[in-house]
Amino acid sequence: MKHGRNVILPLLLACCYSACSVDRTNGLIITKVTCDYRQNPLLVATETPCFGWQVQAGKKNQGDLQSAYAIEVYTEVEGKETKVWDTGKVPSGQSQGVSYTGEEILLPAKAYRWRVKVWDSSDRASRWSEYGTFRIAPADLATTAKWIGAIDKKDSNIPEGRGYHGVSIHSETGQRWQATHPLSKRSIYLRKEVPVNKKVKSAIIYISGLGHYELTLNGEKLGNAQFDPMWSDYDKTIYYNAYDVTDQLEKINAIGVLLGNGFFNQQGGRYVKMQVSFGPPTLLFKMLITYNDGVVEEINSNESWKYSLSPLVYNDMYGGEDYDARLEQEGWDTSGFDDSKWQPVVVQTAPKGQLKPQTTDPVKVVETYTAQSIRKVGDAYVFDMGQNLSGFPKIKVHGKEGDVIRLTVGENIYEDGSVNQSQSGSPYYYEYILKGGEEEVWHPRFSYYGYRYIQVDGAKPEIVGDLLSGSSPGGDETIPVSKVDDPRDIPIIKEIESCFVYNSSARTGHFNSSNELFNDAYRLIINAIKSNMHAVFTDCPHREKLGWLEQVHLNGPGLFYNFDLTTFAPKIMQDIRDAQLPNGLVPDIAPEYVVFEGGFRDSPEWGSTSVILPFMYYQFYGDNSLIVEYYDVMKGYVDYLSSTATNHIVSHGLGDWCDYREDQPYGVSHNTPVPLSASTHYFMVVDYLVQAAEMTGNKEDHARYAALKEEVKAAFNKEFFNEQTQQYGTGSQASNAMPLFAGIVEPEHKEAVLENLVKEIEEKGYRLSTGDVGNRYLFQTLADNGLNEVMYKMHNHREVPGYGFQLQFGATTLTELWDPRAGASWNHFMMGQILEWFYKSLAGIRMEHESINIESITNDGHANSYQTVTIAPQVVGDLTYVSASHETVSGTISVDWRVEEGHFIMDLSVPFNCQAKVYLPGEEDYEIVQSGTYSFRKKNTPRQ
């Protein structure tokens, strides 16, 4: 048993190491206040929101913890600010998830202000925080507002169902999709003018424009979201957004909305992955204007609005966009515009889904890239933008009216230099028709693609060659910059950039080390995650864009270490609930826009996300709300798997998808039995359900599933374990790693199974044979059993299979397969499980499942619970330093260690109201340090 003791203040630890504080300013300063994990949200989805805060501690608070808090909530009543909740001083260390428990019900659409103060363990109080604000979401959005558009679904001739996967346009079914009413997939403008004759106290817009919308007020775009509202199963859930326009209203106000299709109305055209439509483009709009005299006016979408066809003549998630600038109507979204030729809108049949406030961070243009080189290829020009990403080009161009520019984007190029879409879905392109005159700036609105290269047909740049020093990847020759020698009278591209579009959830992690290969792998994986982090975690940003679920839990720790998923993970769980079938099956994709067959719809490794994700959320945030809210989903899925089992063995699915075997193509598991993988996940979700039942107080379920867990374990060992060889399944790496990770192996056999796993790795020359599913279990089994040197050898090389191999081919994002030459996507993050090892093992930042209770910290002896982490860095291979940070809900934890002159030196920063159990390399005992900055030094033990 390991022993530890509290370190409340910095100590000089003789013989082993020292801990010394770094000076800070005195006092506690509350730096961040959140309501339901968001700052100043306009849409709170519950009448009992949860409050949270972060604190910056001063010098006097080194090693300190929170002992109490006080919260006040205010609102305006009859023109006077009134306090609606005052907790008083509450003895507690809780700084996240503090629920509103006031007697007064918080009213929909009403504005509230709140603030907090805290006390430290010496009963010293902070100042009050700055005020945070929030509004409860409206309860009656669709009672007075109406869904409006150009045509109703019943008149659109849209095929029903979700079975349209890769349908040929020449087939009978394909012809049905070709025969839909033209208006049913056409982008439209909608407008309404609103006079305001009194002084405005507040004005809030609530809007859902399906599939996606762009909202303007008096000619100015509101917000910077790119694809709102977020994708969902529109038969179950429809999201809406809110905008505060109090300071933007004028005497006459023009409301303008541009609508596009998105996945709400995926009718196909060009490249067809799948087709599904919930109806033609549609708008629901409400603006609540509160005047200074207390009168509230509603502006709703209804028959009084007008519409016109927009210049966006084609938009499709799998085809691209075409924009005819000649069709632009200058001033269409400003007051006084002559809309006499516009048509009255059609009041449409409402979509089936339940309206819900979008509480997840939106997708935005977060980064931009300029061209690294320009090459002339035939009559076209190919721009190397230097980074593979999810997004679209933005151009500034000058030319004549009617000139047509085509932008074809792709991850790779053919030998002749032209753009190659063979592995990413073809044809996909953007077309822009110039209006002529001055320089024109344009980018797509409602479609994106995964690409690095942009092929421009119908226009020419002003220069060609390498715009940065050195040659572009794959080229041996450096071409100097020169003016374009192209006599054609075609438009001139003045500027071009790539817009990197992804979910704007905050970045919470950073990693760097002395190993450049690891740093490059980290960069590849992070860029692939960003490229596939949209309304869902997609598998790839081009040919599919679907929410394949397995990567969410198999890469889960890496996602949680690096991104704020406090609001994103609940959205994923809502997608899972909406996708779950009545029999409990959780499909492989959510939302389930298309119904696949076999393992591509029903694979336990994929559906298990429904059970595992809520526990990862709890592990990283100390928040069990997803376990409580989705307990029925978890139980339903476990019961479904039980219904498919024979003698407690589940045998269906894809297994260790894309595992590596040089003599076999990628796909369903080659090296490991599918039933072994499926049954491992069956055991794990039963195990988690037992914990969930205990956490939620379901005693009968706890007893039932605890017994089932033991039965599944016994059946698994009987079916897959060979006592003579001490191996599971085929003896592959995944075969032995999965049961070891899951805790299925009986204690008396664990050492032998682990030895066989290492032996198999050694026989393969320290090369892995796992894939999408087996990676995490292999990596973590080695790390959790002190075999980090084996992990290091497995990954510190540039051969296939391995992360370093991809770098040799110029990859800037993680590729789908270990060998990028195999013809699959160059922008997948599903193989990125090594991020967990970077943080959890190399940096040693380990998030605890539960907090540690510390007694007698406060003056009154009140027991508190604080966020706890374990810091246990591993010095392996030839690493000489690692630097990593992770922002928890309480603040940022940072670890910087280095090996210098025979000593291990580590600088550690722990945020206020947190504590860390610190294990130095080679030590079995730990020390507990609390909120502060510390330095540790220890004589380094030579590695064997």
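1. Two strands are said to pair if DSSP finds at least two bridges between them. Helices (H or I, at least four residues) and strands (E, at least two) are DSSP runs, numbered from the N terminus.

2. The model is a predicted one: local features need pLDDT of at least 70, side-chain atom pairs count only at pLDDT 80 or more, and totals for chains, interfaces and linings use all residues. Residues are numbered from 1 along each chain as its sequence is written, and side-chain values use heavy atoms, with hydrogens and water left out.

3. His 212 stands opposite Gly 260 in E19. Strand E14 (residues 188–195) is also antiparallel to E19, with eight bridges between them; here Pro 195 has Ile 252 of E19 as its bridge partner.

4. An open sheet of three strands has the order E4-E5-E9, with antiparallel pairing. Strand E4 (28–35) and strand E9 (98–99) are the edge strands, each pairing on one side only. Two bridges connect strand E5 (residues 50–57) with E9 in the antiparallel sense, and Cys 50 stands opposite Ser 99 in E9.

5. Strand E51 (residues 903–918) is mostly covered, with 14 of its 16 residues buried (under 20% relative accessible area with a 1.4 Å probe, protein chains only). Strand E50 (residues 892–900) runs antiparallel to E51 and is joined to it by seven bridges; the partner of Val 895 in E51 is Leu 908. The hairpin of E50 and E51 has two residues between the strands, and Glu 901 in this hairpin takes a positive phi near 50 degrees. E51 also pairs with strand E52 (residues 926–939), antiparallel and over twelve bridges, with Met 906 opposite Phe 936 in E52.

6. Helix H14 (residues 747–763) has 17 residues and reaches 25 Å from its first C-alpha to its last, close to the 24 Å expected at 1.5 Å a residue (1.5 Å times one less than the number of residues). Its buried residues are His 749, Val 753, Leu 754, Asn 756, Leu 757, Val 758, Glu 760 and Ile 761. Their cover includes strand E44 (721–722), strand E45 (727–728), helix H13 (733–742), H15 and H16. Just after H14, Gly 765 takes a positive phi of about 70 degrees.

7. Helix H15 (residues 774–784) packs with helix H16 (residues 788–795) at an angle of about 140 degrees, their axes being 7 Å apart. Axes are lines fitted to C-alpha atoms, for helices over the stretch in contact, and angles run from 0 to 180 degrees between N-to-C directions. H15 and H16 are therefore oblique to each other (angles under 35 degrees count as roughly parallel, over 145 as roughly antiparallel, 65 to 115 as roughly perpendicular and the rest as oblique). The contact (heavy atoms within 4.5 Å) involves Leu 778, Phe 779, Leu 782 and Ala 783 of H15 with Asn 788, Val 790, Met 791, Met 794 and His 795 of H16.

Technical notes: Buried means under 20% relative accessible area, exposed over 50%, partly exposed in between (1.4 Å probe, protein chains only).
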